[in-house]
Amino acid sequence: MANTARRADTRNRQEMCLKETCFKAVRKHFAVLGIEAVLDLPTPLVKDLLPHLTVCQLDELQPALNQRGISTHSGWVGVLQDMCGPNHVIDLNTEEEAKHEVMRMLFTLVFYGFTNPFVKRNITNLSSPSFLWAAAKCIKHFLLTTSMHKPLQSLTAEHRPLLNLLEKRIRSVGVSQSIDLSKRKTQTALYVLHRLLDHGVAKELIVHVQCPIGLAWLLHGRGSHYVNPELKNLMQSRADCVTQATSARIGGASLSPGYGTRASEDQDEVTPCKRSKLDPVSVEEEECGKANFTVDPQLLCQTFTPCDGPSAGACPWGQINCLEIRQCGSDSLRVLNFALPTFFCLRSLSLHSFSTFRDLDVLGLARALKQLSESSRSSLTDLSISALPYTQLMEILLDAVPHVTSLHVEIQAVMWGPRFSPHHPRTAEADMPELPLEKLTVKVAELQTDLHFITSVLRRSPRLTSLHVAGMRLPTGSSQSQLLTTLSESNHFLRSLNLEDLKLSDCLPEILNLLRDCKLEELRFSDCRLLEKSSDKEESLQQLVAALKTLPSLHTLGLAQNRLAKNVCVLAELFSGSSPSSVKRLDISSNFIQPAELLEFAKSLRTHCPPQRLTLDLRKNPGDRDSDTWSTALKRLRPFCVLLVEGWKSTESMADHISNM
């Protein structure tokens, strides 16, 4: 009998080797075989083949396979695992999500000529123009790297059709490096930006760097269709003076490169037919105190586009609906504040700084936002600021933009220097107007937080559907129970609740009360020490599970980093009884769940099988302590769970120590 098993095992290995050889041959000779040859294969064989195909082959096959009811999801996931490594967690459930992620990651690498081990292994397939074309049809974000001149220049020459395609597809543009307007090579980057922002459909701009001059060029004229006539006339008159003065200094025999002559080999490589007009930017002169010139985007098309090209004629002005500045220093903030009062098309504004914003900078921003919000033409509904030096400034921002429906603030307490305290008398809560907030995120890093202020905002926001609070520390002897009580009493439309790094060990009664009368769809308690003070942890968790089962709307439950450990088996009861929970996603990562405990959980979950396939997050649990038992548990879970796991070494972390404290 043992010999029979060995022979069967040998035969299976031989069959797998033969399959692998055939799959490699299909990949290598795909062009010769053609799509029809693959489509004629049996469905199980096609599914096994997908992870072995190239990106372009997957893209070419996808429409026909979809018509047969076959998804290419496994193929795209296989590419991602090859790119990121076997331990990388891929939490992408649909074919299109996985495909977009592959194309997004690879397009930037291949277009700019960057490399990594995956690109090196697949350079033959990725270096063809067909890949860039296939990726451009899929991606929605374009990252512009100004120093990479040759790839950008190719979009004005041999890859011009690719730029035309990007113009129609790209919704979001990122600027990853400073824009130096004094360099002629920068004009190529500005032209690409002009095509995407003004001629294309891109409405979202992400600026990754501190570059106030470049920011002024990006914002000017794109805030709304309204342009201040006085400013426009001033800029035009100054531009005419500059153009006339420059022309007077140029003789026919001494034309600089770019004025109809070819540049010499030791100068810039671009050879536009004429130089773009230079305009003084009054924003920078007045707000930053720096005299400089910027290229007029309306004339860039005359420089780079043939007269019969797609950009011939009058150039449009694009609008920026979503703006994110990821390194927003004082100079950039002053440029932004100058544009904000008439930035009527702006719907979403996100500002981040590596250091905490200064008081005066935030107050200046609040004044500009207030001017914008006082106009009936204002469209701003989403605001994100990080990081504020103290909580009071959040109140000032709320007063400045009372119509926002989504607010995200991070507060990083400054331990040095005095606080600037403007005269801002606190209004009685009863006299405060109702807020239209629907989404609120407050992340705090300070020794003590004014809980009354947070609960006051919650009481004024009866339409709130999403709340995320993190890191809020209270004075000794205080409890977060008032936060939960306020939610129960005032926020009946809440659908998503995410409490992170809060001490809720004494709040079980308030949690249970909240769950009895709510319609939550997503609930996360992350690092909240839920069971820390319970004399009977299993009983407390059973009470929580019983309350959760009464929520038919709940589809996502997160209990990460709560030291559930051996009590994890209780969670299987979510799916027991005549009315099992509708939870489709369960996060129990970082809970010090041992392999034997996971195996017991798997047995219990098999007895109380979830009504739908469950996405189970098991990351950062010490499975390496007994790899065989851990693997057995995972094998038992896979038939009814999508598992999110990763390689984990207990010796490389403090997980054991922290989870046993």
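Me: At 23% relative accessibility, does Asp 501 count as buried, exposed or partly exposed?

Reply: Buried means under 20% relative accessible area, exposed means over 50%, and partly exposed is what lies in between (1.4 Å probe, protein chains only). Asp 501 has 23% relative accessibility, so it counts as partly exposed. This is a predicted model, in which local features need pLDDT of at least 70 and side-chain atom pairs count only at pLDDT 80 or more, while totals for chains, interfaces and linings use all residues. Residues are numbered from 1 along each chain as its sequence is written, and side-chain values use heavy atoms, with hydrogens and water left out.

Me: Where is Asp 501, and what is its phi?

Reply: Helices (H or I, at least four residues) and strands (E, at least two) are DSSP runs, numbered from the N terminus. Asp 501 sits in the loop between S12 and H23. Its phi is near 55 degrees, a positive value in a residue other than glycine.

Me: And what about Ala 565: buried or exposed?

Reply: Ala 565 has 18% relative accessibility, so it counts as buried. Its phi is also positive, near 45 degrees, and its place is the loop between strand S14 (556–558) and strand S15 (585–587).

Me: How many residues of helix H22 are buried?

Reply: Seven of the ten residues of H22 (residues 481–490) are buried, so the helix is largely enclosed by the rest of the structure. Among them are Leu 483, Leu 484 and Leu 487. An α-helix has 3.6 residues a turn, so residues three or four places apart point the same way. The cover over the buried residues of H22 includes helix H21 (451–459), strand S11 (466–470), strand S12 (496–500) and helix H23 (508–516).

Me: What do the buried residues of helix H20 pack against?

Reply: H20 (residues 392–400) has seven buried residues out of nine, including Met 394, Glu 395 and Ile 396. Contact means heavy atoms within 4.5 Å. The buried residues pack against helix H19 (359–373), strand S8 (382–388), strand S9 (406–412), strand S10 (439–445) and H21.

Me: Which residues does the cis peptide bond join?

Reply: The cis bond joins Ser 386 and Ala 387, with omega about 10 degrees. Ala 387 lies in strand S8.

Me: How many helices and strands does the chain have?

Reply: The chain has 27 helices and 17 strands. Of its 661 residues, 49% count as buried.
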